[in-house]
Amino acid sequence: MIRQSALEAGRLLRRWRRDPIVAVQAVLFPTFLLVIYKLLIGKAVLAVTGSDSLYGLVPMCAVVGAIFGTLGAGLALPAERESGLLTRLWVQPVHRASALTGRLFAEAARTTVSAVVLTAFGVALGLRFAHGWIAAVAFVLVPVMISIGVATVVIAIAVRADGRAMVTWLGAGCVVLLFFNTGVAPAGVFPSWLQPAVQLQPMSPTIEAMRGLAEGGPVLWPLLQAGAWAIALVAVFAPAAVRGYRAAAEAGCR
Amino acid sequence: MSALVALTLRTMSGTLRDADLLFAVLAPVGCFLGFTLALGNLIDTGRMTYPQYVLPVVLVQAMLFGAMTTADRAARDRLSGFGVRLRTLPIPAMVPLAARMLYCLIRAVIALAAGTAVAWLFGFRMVGGLGYDALFVLIVLAFAMAVCLGADALGSRIGSVESSSQLLLLPQLVLVLLSTGIAPAESFPGWLDPFVRFQPVSQVTETLRGLAGGHVTGLGLAVTMTWCLTLLVVFGCLALRMQRRTR
């Protein structure tokens, strides 16, 4: 099953490399966002918090790359359903879970790649790791957790018959999260009634854990929160994803 | 019912289904709330409140978003058999284009109303009087038409539904976020200053802000008008040319 999952993951990664939407959303868009936000609020954040805005922006953009890359990849899923590919895999002598696990592997790999690209950009702009290269390795692996959680949600939604429109709406929802997180601005500058939501939404703990790894500071607690989000998303949406996938694959058998 | 009305209604019923009209309302509202709540306390705009400062760029961004979906629609019309079918009908070749643009105008009015309404709740006020208000609306709509014509030409040219709006995503991000619409020019690094000051989004938003506040310089107004008119003429010609191309 592991070999089959790896094969499926390889297929998806090769596909995504040629898909302009995934390439733009997973790498190009967050890189642009990083540079632009750095130029826009760099001075203001330095004045308000006393630390470089890069320590919040690089994590935020890595998470944005993970989430939007997943959404872009999810947009291709309805086409695979319609073309009969899911059904085809369903009747092949391969482990039936391998399509889903393979997809999650591929998401993890893609997230890591875009996090590495963004971190490299961040280092070029002046990001430094207080705890050496081990922290840097952990830094690029943290967004994988949230990406697995979000990927499960996207799969559960995208395999439905009306998947395409629903994924677009999910994307619109994620744009909201893009503003209200602790990466761009510290939680303190938001209106006080909004602060709990800003701190608890799924992106913020991940961003804080990565900030801690790079700049120094608490890592364990935000990391646990981020992990809790990932586990909660998987636990809630995995059954729906499996059921929806089965329904999508069997829809072509009739 | 004339061809123009029929085709405009067709576009409208399509966008009611794929929720583009809903997006026209939600995009300016969402962007305004995002900018105001997240960046409002971070960016120093002097004596002007941030909602008053930021609304023009929110409107400009809403128009740019509208252009992105226009590119998609133009590409879809060209790719699907429907575009070919239209060219065989006894209607002028520019009627389908005119219908798409009429829809864009309606969409722009809706986005303008939605954005202004939410900003009103946060304390944005038009204090210039009726003439200034009319000019404000005119400039927003002229800008919307200009970028929609450009996007239509691009969508017709590219002929791929998925990549045309993606192509526009990054330029609009650069133009909006690196403009004096979001933050005063002093907030940006010095070497970026010339670009930030003189790019079209900065010029247009500055004039709009002046019109809302009731004082505007003749030079700023002239520059903005020139930008809008130039873009209208250039993109209009391009869009018309694209209609003439046959496969």
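A residue counts as buried if 20 or more other C-beta atoms lie within 10 Å of its own. With that in hand, here are some views of this predicted model.

**View 1. Burial in chain B.** By that cut-off, 46% of the 247 residues of chain B are buried.

**View 2. The overall dimensions of chain B.** Along the principal axes, a box of roughly 60 × 35 × 35 Å holds the C-alpha atoms of chain B. The radius of gyration of chain B is 18 Å, which agrees with a compact globule, because a globule of 247 residues would have a value near 18 Å.

**View 3. Where chain A meets chain B.** Here 24 residues from chain A come up against 23 residues from chain B. On the side of chain A that touches chain B, helix 2 (20-49) and helix 8 (163-179) of chain A each supply at least two residues. Helix 2 of chain A gives the most to this side, with 14 residues.

View 4. What classes of residue does the side of chain A that touches chain B have? Sorted by class, this side of chain A has 23 nonpolar residues and one charged residue, with no polar residues.

Conventions:
Residues numbered from 1 in each chain as written. Chains lettered and ligands numbered in written order. Predicted model: local features only at pLDDT ≥ 70, side-chain atom pairs only at ≥ 80, totals over all residues. Contact = placed C-beta atoms within 7 Å. Helix = DSSP H or I, 4+ residues; strand = E, 2+ residues; numbered from the N terminus. Nonpolar A, V, L, I, M, F, W, Y, C, P; charged D, E, K, R; others polar. Rg over C-alpha atoms; globule rule 2.2 N^0.38 Å. Buried ≥ 20, exposed ≤ 12 C-beta atoms within 10 Å, placed from the backbone.
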